[in-house]
Amino acid sequence: MKINLLYTCLLVAATAGTAFAQDTPDPAMVQKIREEGLNHSKVMDIAFHLTDVSGPRLSGSPGLKRAQDWAVNELKTWGMANAKREAWGKFGKGWEVQKNYVAMTVPYYHALIAIPKAWTPSTNGLIKGDVVLVKADTTTDLDKYKGTLKGKIVIFDTKPGVERTYKADGVRYTDEDLDKMATAKPQAPGQRRGGPNANAAAFQKARAMRAAINTFLMDENVGLILTQARGADGTVFTTNGASYADTAKKVSPELETSGEDFQRILRLVKTGIKVSVEADIKTQFFTDDLQGYDVVGEIPGTDPKLKEQLVMVGGHLDSWHAATGGTDNAAGSAVMMEVMRILKAVEFKPRRTIRIALWSSEEQGLFGSRGYVLNHFGDPKTMELKPEQAKVSAYYNLDNGSGKIRGIYLQGDSVAGPIFKAWLAPFKDLGATTVTISNTGSTDHVSFDAVGIPGFQFIQDALDYGSRTHHSNQDTYDKLSEDDLKQAATIVASFVYNTSQRDEMIPRKELPKPQPARN
């Protein structure tokens, strides 16, 4: 964008009654950031190394450590201070897939789309067995299968998981969608979306029954369990089939099978046609180091009065194991690394210290960010806060796929609204305009918000994140949108610049009340 258009946008922001004078972005610096971020980007090269080169990044896996070590070295190469892997606490066993072959061989040959469930064991070489349908609503229903399942391939009577749809996989926010977000009303304190889960009891009962079945099948020494994965058209959304805890009970080998392949086998077996399957699954557990680690690095502040204060950016680096975690969340991690690179490339000397953190074990429960917050800032269970908590101006997170930034969630911090509107003004031409009072959850900014630190997640176009890539075997580098990631890195870099230079810290909400652990 030409510099005169930048000045026009900034003049509008400066004259708006809700904007603070100190929050009018410096047009010269915004232009530098735009030039570096949009025309000299390295974000796709970063993403390539985090995905194709590093491989799947399940928590505790060698792939995650490869990505972490590369990220630390890259941050050091760019001139970051204190770049390192930092332990946040005990996680548990690492795990990876080293071989995965499975096929139906009778009544004819057909290679199956199936992924080992995380933290499940190997088949101990090639196995061959007939498929047996196990139907059990109660534990007593299992009695009829005693002594009959050794070496067998077990499936369950499962309804098709997904109905056919003719909607597009990929979507972007419409102007109407964004207008609704911008005019949303604040949630009442403590209000949660969705209210109590009416199906919680049924879910717990079903989970207990499945645990009993797993124990029975383990005792019967079955060869392999096939379960139907969520997803359609060959997409398999993966999960874990066992605990990562070093004290976890043993389970049987288990594969999440594509809906199409699973239903084909099920139809054949239910009509009495013999089905045989062969499989060779090799997985490995890693127990030498049970600690979890985050990647951190800094651009030190230069203002004697403000350099002890922090502006933080981050995203989670861990992924699931069926693919290489392109959109979840190499995209966010690559953007935040690119933010740090951009700021160094434009030779920015921040007033406040800027710190990046790439979290681990987000997928298991925000463990990396929660552990970091507990170690550095305070305990949300008791609200006993550490001195560092008062020194963080803001934390910015990215973890909703590869889509461009359309604005930012205020997480209920209404006083920050006019500030962020002014900061977004130079990026109207890039489609980022919306500030919503609404909350969004299920990612790492929640860990900061829980101890009273302003934590924010950006609004992103969904693309095909929910429909195709999130936790699936389709979540690869190929699903990344280069132009969107360039745009995101440029906008976040500008936010970080403005936050670091602002005379005052980002305004804070009322301190949360202690949140004791739920039973």
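How much space lies in the largest cavity? I started my notebook with that one, and I got about 50 Å³. A reminder to myself before going on: this is a predicted model.

**Entry: cavities**

I counted the cavities of 30 Å³ or more and found three. For the largest cavity I then listed the lining, which is made up of Asp449, Gly452, Ile453, Pro454, Arg508, Lys509, Glu510 and Pro512. Sorting that lining by class, I noted four charged residues, three nonpolar and one polar.

**Entry: the second largest pocket**

Next I turned to the second largest pocket, where the space comes to about 1300 Å³. Its lining holds 39 residues, and I wrote down Ala206, Arg207, Arg210, Ala211 and Asn214 as the ones nearest the centre. Which elements give two or more residues to this lining? I found helix 6 (200-220), strand 7 (224-228) and strand 8 (254-257). Helix 6 gives the most, with 14 residues. By class I have 15 nonpolar, 13 charged and eleven polar residues in the lining of this pocket.

**Entry: helix 3 against helix 8**

I moved on to helix packing, keeping in mind that two packed helices are described by the angle between their axes and the distance between the axes. Helix 3 (residues 43-53) packs on helix 8 (residues 326-345) at about 135 degrees, and their axes are 9 Å apart. That angle makes helix 3 oblique to helix 8. I logged the crossing of these two helices as right-handed.

Which residues meet here? From helix 3 I noted Val43, Ile46, Ala47, Leu50 and Thr51, and from helix 8 Gly326, Ala330, Ser333, Ala334, Val335, Met337 and Glu338. The contact of helix 3 with helix 8 sorts into eight nonpolar, three polar and one charged residues.

**Entry: helix 8 against helix 13**

I stayed with helix 8 and looked at its packing with helix 13 (residues 482-501), where the angle is about 55 degrees and the axes are 8 Å apart. Helix 8 and helix 13 are therefore oblique to each other. Here too I wrote down a right-handed crossing.

On the helix 8 side, the contact is made by Ala331, Val335, Met336, Glu338, Val339, Ile342 and Leu343. On the helix 13 side I found Leu485, Ala488, Ala489, Thr490, Val492, Ala493, Val496 and Tyr497. The classes for the contact of helix 8 with helix 13 are 13 nonpolar, one polar and one charged. Going back over my lists, I spotted Val335 and Glu338 of helix 8 in the contact with helix 3 and in the contact with helix 13.

Note on methods
Residues are numbered from 1 along each chain as its sequence is written. This is a predicted model: local features need pLDDT of at least 70, side-chain atom pairs count only at pLDDT 80 or more; totals for chains, interfaces and linings use all residues. Side-chain values use heavy atoms; hydrogens and water are left out. On a 1 Å grid over the protein atoms alone, a cavity is a set of points where a 1.4 Å probe fits but cannot get out, and a pocket is an open set with protein on both sides within 12 Å along at least five of seven lines; lining residues have an atom within 4 Å of a point. Grid points are joined across faces, edges and corners, and a volume is the space filled by probe spheres set on the points. Ala, Val, Leu, Ile, Met, Phe, Trp, Tyr, Cys and Pro count as nonpolar, Asp, Glu, Lys and Arg as charged, and the others, Gly among them, as polar. Axes are lines fitted to C-alpha atoms, for helices over the stretch in contact, and angles run from 0 to 180 degrees between N-to-C directions. Helices (H or I, at least four residues) and strands (E, at least two) are DSSP runs, numbered from the N terminus. Angles under 35 degrees count as roughly parallel, over 145 as roughly antiparallel, 65 to 115 as roughly perpendicular and the rest as oblique. A crossing is left-handed if the near helix is turned anticlockwise from the far one by less than a right angle, and right-handed if clockwise. Contact means heavy atoms within 4.5 Å.
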